[in-house]
Amino acid sequence: MKLRLFILIAAGMLGCLHMEAQELQHAADSMQIFYRRGYRYVDLSFRDNRTQLERFLKSTGKAMKDGSIDKIVIRSYASPDGSSKANERLAAGRAEELKAYLVREGNIPPALIEHHAEGIAWDRLLEMVAASDMQHKEEVLEILDNTPVWVHDSEGNITGSRKQQLMDLNGGRTYNYMLENFFPDLRNSSNAALYLRIMAKRPETEAYPAPPDTSLTPEPQQVQTKEAPTENVPEPSPEQSIESPAPAAQTDCLQPEPAESKRIYPKNIIGIHAGYGISWIVSYGMKSSVRHGFEIGVTDRIRLMKNAPLYLRTGLDFISKGYDIRGFDDSRTTMYYLSIPVAVDYTVISWKRFTLTPFAGLHYAVGVGGERESGNGRAAIFSRDGGFSRHDFGFICGAEATFGRFMIGAEWQLGLTDIARTDTMYGDDSHMIGYKNVRNRCFIIKAGINF
């Protein structure tokens, strides 16, 4: 009898503790961040990561401001394909990087963030299969439900596995279907959940005056009634609603407030590009015929302001320029430069995965090769016979449009310095086009990818 009484008391205490825990902690928001295959870093341009992070950081900032934040829990997963250890290491790295991002961009104390690598997401795979219309669905569910991860014989030796049975099903075609349609989301995502401490005001009768009707239901049902007041229960004041332990009231406090909207912009964006260009020169108010060329290079954009898409743009380009002169003195000139741009850009349009970014600045270029071909033969353009200086300096401007990671753009280059050291054809006092007072002009159309 005493034992039975003890069990009843213990069960009651556990129930009270469980109810108290439910009052003190509430999962107010969550997000799912996706990664490119093999990458561990947070990429705002991939899928809807930017939107997810902006919303989550806003909710977190609100909770930190009112002191209700309890913790943030990050969970990352691996998929069954490939090396289990490699996938689990990648999942752990992604959880660590997401934690570092939240600390850096949201000013969240690291002690409030837990991160866990959960291994292979078998439960999530089960949900995805159950919700799909794939072939052999029932057989897959049977394996996921009833086959252990490792199958052992009576002596404890491993004789099979859940993964092996999935791979053997239907000659491997079913596994390949899951590999293509389900596994990317299993291995390429991390989940983060925000938990809040909701402070309950005691006693409850202070927050909600008890009605005189003695036919009211017991106290647990009164709590539910306060979340959705009936005509017999007075509606709480706004101040009381803020202090209420009701999850609905707390969730309302975390609804987006457009006036406090705050976008998140990556600190550094590196990209590579290649393009087609046309170039010519101007000299004494005249211009030459155009010559076709190319450009390849790398761009490094460094954020200048945390809350605005203002970036310093630099990098290194290898570019082909030149010009043709026809009529009075046929010649063809080609010049190859290494160019370093220094510019500022600002994103004026950002909509889902599309952005439009104009830029302007200066560039310095040094000639690394080239020649002039004329009736007198050929000459290295940056030699004494060629007569051109290796150094060029000018103004650049343009715009780029990005679609996720992919970029297309246009750029205008206006040379400001006279690149002709001496007129090797007609003498230093002549005003012949192409041999004195020469300035480069170039227009480039390019495409690339950002990392």
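**Figure 1. Lining of the second largest cavity.** Strand S7 (268–283) and strand S9 each give two or more residues to the lining of the second largest cavity, and S7 has the largest share, five residues. The volume of this cavity is about 70 Å³. Its lining includes Ile269, His273, Thr299, Arg313, Met407 and Asn450. A cavity is a set of points on a 1 Å grid over the protein atoms alone where a 1.4 Å probe fits but cannot get out, and lining residues have an atom within 4 Å of a point. Strands are DSSP runs (E, at least two residues), and helices are runs of H or I of at least four, numbered from the N terminus. This is a predicted model, in which local features need pLDDT of at least 70, side-chain atom pairs count only at pLDDT 80 or more, and totals for chains, interfaces and linings use all residues. Residues are numbered from 1 along each chain as its sequence is written, and side-chain values use heavy atoms, without hydrogens and water.

**Figure 2. Lining of the largest cavity.** The largest cavity holds about 80 Å³ of space. Among its 14 lining residues, Thr299, Arg313, Pro341, Glu411 and Lys446 are the closest to its centre. Strand S10 (308–325) supplies five residues, the largest share of this lining.

Figure 3. Thr402 belongs to strand S15 (residues 391–403). Thr402 counts as buried because its relative accessibility is 10%, where buried means under 20% relative accessible area, exposed over 50% and partly exposed in between (1.4 Å probe, protein chains only). Beyond its neighbours within four places in sequence, Thr402 is in contact with residues including Arg353, Phe354 and Met407; contact means heavy atoms within 4.5 Å.

Conventions
1 Å grid on protein atoms, 1.4 Å probe; cavity = no way out; pocket = protein on both sides within 12 Å on 5 of 7 lines; lining within 4 Å. Points joined across faces, edges and corners; volume = space filled by probe spheres on them.
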